[in-house]
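This briefing sets out the fold, the pairing of the chains and the surroundings of the DNA strands, by topic. Please read it beside the sequence and the coordinates.

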Number of protein chains: 2
Amino acid sequence: MHAFDVLGDPVRRRILELLAERERASGELVEIVGGEFGISQPAVSQHLKVLRDSGFATVRAEAQRRVYAVDTAPLEQVDRWLGRFRVFWESKLDALETEIARGKRQRHLAAQDGVSAASRKPRQTRSA
Amino acid sequence: MHAFDVLGDPVRRRILELLAERERASGELVEIVGGEFGISQPAVSQHLKVLRDSGFATVRAEAQRRVYAVDTAPLEQVDRWLGRFRVFWESKLDALETEIARGKRQRHLAAQDGVSAASRKPRQTRSA
DNA sequence: GCGCTATATCAGTTTATACTTATATAAGTC
DNA sequence: GACTTATATAAGTATAAACTGATATAGCGC
């Protein structure tokens with residue numbers, strides 16, 4: 001199953017969101033996700049199997065519990081695929097920044113007052 | 001249809017890859033993608049409809065042709081969703097960078113020779 | 001060993017979607 | 001206006017996958 005197919009399911013996305021916060025036992029995921037989506041224990045368990053088989057999650061036994069953790073390798077791959085499109089919106093961000101900088105400069109020239117403007121630099125991409 | 005479901009199909013991903021390079025007429029996409037995947041014109045046209053309906057592509061008429069262009073808005077959303085996981089591999093990259101820097105420093109101290117380390121990523125294969 | 005808890009797997013049903021062929025729409029050409 | 005080119009839509013079919021209830025597996029406490 002391709003990474004994007006795995007992410008196509010909202011239940012699996014939700015599970016990954018929860019695992020992004022911290023490791024969770026299967027039962028914990030059944031309770032939260034099963035509750036939110038109104039699905040049974042086997043349904044959640046089957047989604048966990050998909051996540052395991054596709055490399056998105058790892059399991060560790062802890063007594064009778066199965067503790068799941070996210071494995072980001074496939075997510076990195078997805079991220080890399082998206083990379084080819086990133087230039088589109090990043091160039092737009094750059095343009096916006098230029099625009100903001102211009103406004104800033106103009107306000108500065110006009111009033112000579114300190115300008116806050118936050119203006120966080122966009123994250124440096126680590127291409128590939 | 002959710003963005004990730006749209007990206008779940010290899011044909012649609014391929015179409016988006018082609019549109020990332022430049023705009024393309026429907027017929028051009030039918031020829032390339034239809035050829036690569038061995039599917040008919042209606043099949044490709046139906047995928048184009050999905051891409052239109054889900055906001056991944058825009059169309060412009062040019063005589064009888066329909067010229068498609070990528071719209072990155074939904075891809076940005078996907079990218080934002082991925083953002084919550086990015087910290088995982090970026091911290092790993094940071095650690096790797098530190099490691100490289102250490103090695104570099106040590107080699108530098110040891111031999112006083114310049115280190116190239118080019119390290120260009122190989123081109124990504126286009127297989128789905 | 002027995003019962004309890006936690007989780008996975010099995011078998012079967014339903015539904016979504018990705019195709020197919022056939023046909024409709026629409027713009028250019030003569 | 002008929003013909004051709006370019007593309008979309010329609011109708012029907014096949015298949016994958018997301019469920020359900022039932023059951024199997026396995027560790028724990030007694």
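Read along the sequence, chain A follows the pattern α-α-β-α-α-β-β-α, which amounts to 5 helices and 3 strands; helices (H or I, at least four residues) and strands (E, at least two) are DSSP runs, numbered from the N terminus. This is a predicted model, in which local features need pLDDT of at least 70 and side-chain atom pairs count only at pLDDT 80 or more, whereas totals for chains, interfaces and linings use all residues. Residues are numbered from 1 along each chain as its sequence is written, while chains are lettered from A and ligands numbered from 1 in the order in which they are written.

- Of the 128 residues of chain A, 20% count as buried, where a residue is buried if 20 or more other C-beta atoms lie within 10 Å of its own, exposed if 12 or fewer, and partly exposed in between, with C-beta atoms placed from the backbone.
- Among the contacts in chain A with a separation of 6 or more, 49% are accounted for by residues 24 or more positions apart; two residues are in contact if their C-beta atoms, placed from the backbone, lie within 7 Å.
- E21(A) has its place in helix α2 (residues 10–21) of chain A, and E21(A) counts as exposed because it has 9 C-beta neighbours inside 10 Å.
- The C-alpha atoms of E21(A) and Q64(A) are separated by 22 Å, the two residues being 43 residues apart along the chain.
- Helix α3 (residues 26–37) of chain A, with 12 residues, reaches 16 Å from its first C-alpha to its last, close to the 16 Å expected at 1.5 Å a residue; the expected span is 1.5 Å times one less than the number of residues.
- Just after α3(A), a positive phi of about 65° is taken by G38(A).

**Strands and hairpins**

- In chain A, strand β2 (residues 57–62) and strand β3 (residues 65–70) pair in the antiparallel sense over 6 bridges, and two strands pair if DSSP finds at least two bridges between them.
- Within that pairing, T58(A) has A69(A) in β3(A) as its bridge partner, and the hairpin of β2(A) and β3(A) has 2 residues between the strands, with A63(A) in the turn at a positive phi of about 60°.
- In chain B, strand β2 (residues 57–62) is joined to β3(B) by 6 bridges, and these strands run antiparallel; T58(B) stands opposite A69(B), and E62(B) has R65(B) as its bridge partner in β3(B).
- The hairpin of β2(B) and β3(B) has 2 residues between the strands, and A63(B) takes a positive phi near 60°.
- The open sheet of chain B is formed by 3 strands in the order β1-β3-β2, with antiparallel pairing. In chain B, β1 (24–25) and β2 stand at the edges with a single partner strand each, so one side of each is left without a neighbour in the sheet.

**How the two chains meet**

- A rotation of 180° with 0.0 Å of shift along its axis superposes chain B on chain A (RMSD 0.0 Å), the superposition being by least squares on the C-alpha atoms of residues with pLDDT of at least 70 in both. That is the relation of a two-fold axis.
- The same surface serves both copies, since 90% of the contact residues of chain B recur in chain A.
- The contact takes 21 residues from chain B and 20 residues from chain A. On the side of chain B that touches chain A, α1 (3–7), α2 (10–21) and α5 (73–111) each supply at least two residues, and the largest share, 11 residues, comes from α5(B).
- That side of chain B divides into 11 nonpolar, 3 polar and 7 charged residues; Ala, Val, Leu, Ile, Met, Phe, Trp, Tyr, Cys and Pro count as nonpolar, Asp, Glu, Lys and Arg as charged, and the others, Gly among them, as polar.

**Surroundings of the DNA strands**

- DNA strand C is surrounded by 27 residues, of which the closest are G27(A), P42(A), S40(B), P42(B) and A63(B); a residue is near a strand if its C-beta atom, placed from the backbone, lies within 6 Å of it.
- α4(A) gives the most to the surface near DNA strand C, with 6 residues, and by class that surface has 12 nonpolar, 10 polar and 5 charged residues.
- Of the 26 residues around DNA strand D, those that come nearest are S40(A), P42(A), A43(A), G27(B) and P42(B).
- α4(B) gives the most to the surface near DNA strand D, with 6 residues, and by class this surface has 11 nonpolar, 10 polar and 5 charged residues.
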